[in-house]
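Q: I've got this one open on my screen. Can you walk me through it?

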Amino acid sequence: MPPTAEDEFLVRPRYLAGAGETSRVLQPLVHVHGWPHQNTPATGRIAATSPCGRIEVAAEIAVFHLWRITIRTRPHDAEPRWWATFSKETPAEIVGALVQALAADRHVAPEEIVTEWPGHPTAGWRPLLKAGWAASDLTAVCFQDPDGTVSIIDAPAGPATRVVDGIRFTSPDGTASLTHRPKPDSQFGEAMGPWMVEVAFGPNWKDQWSAVLSAATPMRYLNMLTSAVVDPAPVVRTSSQISSATRAAAATRPAPPRSRNPFAYVEAEFARSDPRHPTQGHPRR
C-alpha cells in the first residue's frame with residue numbers, strides 16, 4: 001500500500017531532510033526553559049527571549065532567513081555581541097541544536113555566552129573533518145583602485161591574481177559546504193557573513209538552505225552547529241514533508257511507531273536540559 005501524507009520516515013543525512021516541524025525550535029524554550037515569548041501577527045514575528053534579556057530566538061515568517069538568534073552583552077544594547085541566521089528550509093533539528101545549547105549554557109555558564117572570545121576556527125570545523133568533509137582554499141581576485149585594494153569574492157583566479165580568501169569544507173556527497181572568510185561582518189552583503197553553511201540538493205528553493213554566523217561567534221557554538229549538521233542519527237519526517245529531491249539524495253526508511261505518550265517530546269527536552277545529560281552545555285575544552 002502506498003504511504004499516506006502522514007506516514008513517518010527516518011531520513012539521513014539530516015542536512016538533506018528539509019525543515020520538518022519548525023515549531024520544535026521554540027517550544028522547548030517556552031515550555032521547558034520558561035522563556036517569555038512574543039507573537040506579533042501583524043508582522044508574522046514570533047520570538048522567545050531569555051529571562052536575562054540577552055538572548056533572543058526569533059522567527060520572521062516574511063523573511064528569507066526565517067530564524068535569527070541574537071546574543072547581546074546587555075539586554076538593551078543596540079548591536080548584538082554575536083548572531084546567527086537560518087533560512088526557512090534549515091532542518092529544525094540543526095537550528096534546535098544551537099538553540100538548546102544556548103538555553104542549557106544560560107544556566108551553567110551565562111557569562112561565557114556573551115563574553116567568550118571566539119577562539120581558534122579549527123574548533124568550529126573539526127566535526128566536519130571527522131565526518132570526511134574535504135577542505136579547499138577559497139580564492140579571490142584582487143586589483144588596485146585609487147581607493148585601495150578591492151577583492152572579488154569567488155572570482156576565477158589566474159596565476160598572477162590568486163589570493164587565498166578563506167577556506168571551504170565540502171560534504172562527501174557534494175551537496176553541503178561550510179565556508180569561512182576571516183573578515184568583519186561589515187564587509188559582507190545581505191544573507192552573507194564570515195561563516196556560512198550552504199546546502200543545495202535540488203533545483204527548488206525548498207531543497208536549499210543556508211546558515212550565516214557572525215565573526216564573533218564563539219567556536220564552541222559553531223562546533224555544536226557543525227556537529228548537528230553531520231550527526232549520523234536520522235530525523236523523522238512525514239511523507240508530505242519529504243521532497244522528491246530528498247528522496248533522490250537521502251536515505252529514507254519507515255519510522256517505528258511513535259510513543260503513545262503525548263508529552264514524550266517535552267520529557268525528552270527536560271532530559272536534555274539536565275546537567276547529567278551528555279549533550280547538555282558546551283563541549284569539553
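Q: What share of the 285 residues in the protein chain is buried?
A: Buried residues make up 45% of them. Keep in mind that this is a predicted model.

Q: How many helices and strands are there?
A: The protein chain has 7 helices and 14 strands.

Q: And what share of the contacts with a separation of 6 or more comes from residues 24 or more positions apart?
A: Those account for 60%.

Q: What about the accessible surface of the chain? How much is there?
A: About 14600 Å². Carbon and sulfur atoms hold 56% of that.

Q: Let's go inside. Which residues touch the most other members of the largest nonpolar core?
A: Tyr 15, Val 57, Trp 67, Phe 86 and Leu 102. The core has 55 residues.

Q: Which element gives the largest share of this core?
A: Helix 2, residues 92-108, with 8 residues.

Q: Take Phe 86. What does it touch, leaving out residues up to four places away in sequence?
A: On that count, Phe 86 touches His 65, Leu 66, Trp 67, Ile 69, Val 95, Leu 98, Ser 210, Ala 211 and Leu 225.

Q: Leu 98 is on that list. Where does Leu 98 lie?
A: In helix 2.

Q: Is Leu 98 buried or exposed?
A: Buried. Its relative accessible area is 0%, and the cut-off for buried is under 20%.

Q: What else does Leu 98 touch, again skipping residues up to four places away?
A: Its contacts there are Ile 69, Ala 84, Phe 86 and Tyr 221. Also, the C-alpha atoms of Leu 98 and Met 224 are 6.4 Å apart, although 126 residues separate the two in sequence.

Q: Ser 210 was in the Phe 86 list too. Which strand is Ser 210 in?
A: Strand 12, residues 208-213.

Q: Why does Ser 210 count as buried?
A: Because its relative accessible area is 11%, and buried means under 20%.

Q: Which residues is Ser 210 in contact with, beyond neighbours within four places?
A: Phe 64, His 65, Thr 85, Phe 86, Ser 87, Thr 90, Val 197 and Glu 198.

Q: Switching to pockets. How much space lies in the second largest pocket?
A: About 250 Å³.

Q: What lines the second largest pocket?
A: Glu 60, Val 63, Phe 64, His 65, Arg 68, Trp 83, Thr 85, Gly 189, Glu 190, Ala 191, Met 192 and Val 212. Phe 64, His 65 and Thr 85 are also among the contacts of Ser 210.

Q: How do the lining residues divide by type?
A: They split into 6 nonpolar, 3 polar and 3 charged.

Q: New topic. Which peptide bond is cis?
A: The one from Arg 12 to Pro 13, with omega near 0°. Pro 13 sits in the loop between strand 1 (8-12) and helix 1 (23-31).

Q: Where is Ala 249 found?
A: In helix 6, residues 244-249. Ala 249 is partly exposed, at 36% relative accessible area.

Q: What is Ala 249 in contact with, leaving aside neighbours within four places?
A: Leu 16 and Phe 201. Between Ala 249 and Thr 175, the C-alpha distance is 8.9 Å, with the two 74 residues apart in sequence.

Q: Last one, Ala 135. Where does it lie?
A: In strand 7, residues 134-145. Ala 135 is partly exposed, with a relative accessible area of 48%. Setting aside neighbours within four places, Ala 135 is in contact with Ile 167, Arg 168 and Phe 169.

Technical notes:
Residues are numbered from 1 along each chain as its sequence is written. This is a predicted model: local features need pLDDT of at least 70, side-chain atom pairs count only at pLDDT 80 or more; totals for chains, interfaces and linings use all residues. Side-chain values use heavy atoms; hydrogens and water are left out. Helices (H or I, at least four residues) and strands (E, at least two) are DSSP runs, numbered from the N terminus. Buried means under 20% relative accessible area, exposed over 50%, partly exposed in between (1.4 Å probe, protein chains only). Contact means heavy atoms within 4.5 Å. A nonpolar core is a set of buried Ala, Val, Leu, Ile, Met, Phe, Trp, Tyr and Cys residues joined through side-chain atoms within 4.5 Å. Accessible areas come from the Shrake-Rupley method with a 1.4 Å probe; for residues, only the protein chains shown count as cover. On a 1 Å grid over the protein atoms alone, a cavity is a set of points where a 1.4 Å probe fits but cannot get out, and a pocket is an open set with protein on both sides within 12 Å along at least five of seven lines; lining residues have an atom within 4 Å of a point. Grid points are joined across faces, edges and corners, and a volume is the space filled by probe spheres set on the points. Ala, Val, Leu, Ile, Met, Phe, Trp, Tyr, Cys and Pro count as nonpolar, Asp, Glu, Lys and Arg as charged, and the others, Gly among them, as polar.
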